[in-house]
Amino acid sequence: MNVGIRELRDGLSRYVAAARDGEEIVVTDHGRAVARLVPYRAPSVLESLIARGLVTPAAQSRTELPEPIVAQGTVSDLIAQQRR
């Protein structure tokens with residue numbers, strides 16, 4: 001359900017109750033979506049996709065970043081080396 005900011009303000013209790021009942025409220029400002037009011041315990045999009053079997057979570061989380069590559073010389077020198 002889409003609702004403008006003014007209408008949301010005027011009927012906030014009603015929209016909070018609708019969200020509590022599981023409905024997603026899209027808040028608009030001059031017709032443009034700017035926020036969502038969703039049930040607090042609603043699963044995230046990723047959780048929903050996992051539950052439906054459409055995606056598989058990573059076996060391990062990657063917490064370490066690879067070591068940066070430190071190049072010696074100018075970009076022109078590096079290009080010339082790669083062309084050899």
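User: How many of the contacts between residues at least 6 apart in sequence join residues at least 24 apart?

Analyst: A contact means heavy atoms within 4.5 Å. In the protein chain, 17% of the contacts between residues at least 6 apart join residues at least 24 apart. Please note that this is a predicted model, in which local features need pLDDT of at least 70 and side-chain atom pairs count only at pLDDT 80 or more, while totals for chains, interfaces and linings use all residues. Residues are numbered from 1 along each chain as its sequence is written, and side-chain values use heavy atoms, with hydrogens and water left out.

User: What is the radius of gyration of the protein chain, and what would a compact globule have?

Analyst: The radius is taken over C-alpha atoms, and the globule rule is 2.2 Å times the number of residues to the power 0.38. For 84 residues, a compact globule would have a radius near 12 Å, but the protein chain has 24 Å. The C-alpha trace spans about 70 × 35 × 20 Å along its principal axes.

User: How many residues of the protein chain count as buried?

Analyst: Buried means under 20% relative accessible area, exposed over 50%, and partly exposed in between (1.4 Å probe, protein chains only). Of the 84 residues, 13% count as buried.

User: Which secondary structure elements does the protein chain contain?

Analyst: Helices (H or I, at least four residues) and strands (E, at least two) are DSSP runs, numbered from the N terminus. This chain has four helices and three strands, in the sequence pattern β-α-α-β-β-α-α.

User: Which way do the strands run where bridges join S2 to S3: parallel or antiparallel?

Analyst: Two strands pair if DSSP finds at least two bridges between them. S2 and strand S3 (residues 32–37) are joined by five bridges and run antiparallel. Within this pairing, aspartate 29 has arginine 32 as its bridge partner, and isoleucine 25 has leucine 37. On the other pairing, strand S1 (residues 2–4) is joined to S2 by three bridges, and these two run parallel. There, glycine 4 stands opposite threonine 28.

User: Why is strand S2 described as largely enclosed?

Analyst: Strand S2 (residues 25–29) is largely enclosed by the rest of the structure because four of its five residues are buried.

User: Where does threonine 28 lie, and what is it in contact with, leaving aside its neighbours within four places in sequence?

Analyst: Threonine 28 lies in strand S2. Its relative accessibility is 14%, so threonine 28 counts as buried. Leaving aside neighbours within four places in sequence, threonine 28 is in contact with Asn2, Val3, Gly4, Ile5, Ala33 and Val34.

User: What is the phi of histidine 30, and is this residue buried or exposed?

Analyst: Histidine 30 has a positive phi of about 55°, although it is not a glycine. The residue lies in the loop between S2 and S3, two strands that form a hairpin with two residues between them. Histidine 30 is exposed, with a relative accessible area of 81%.
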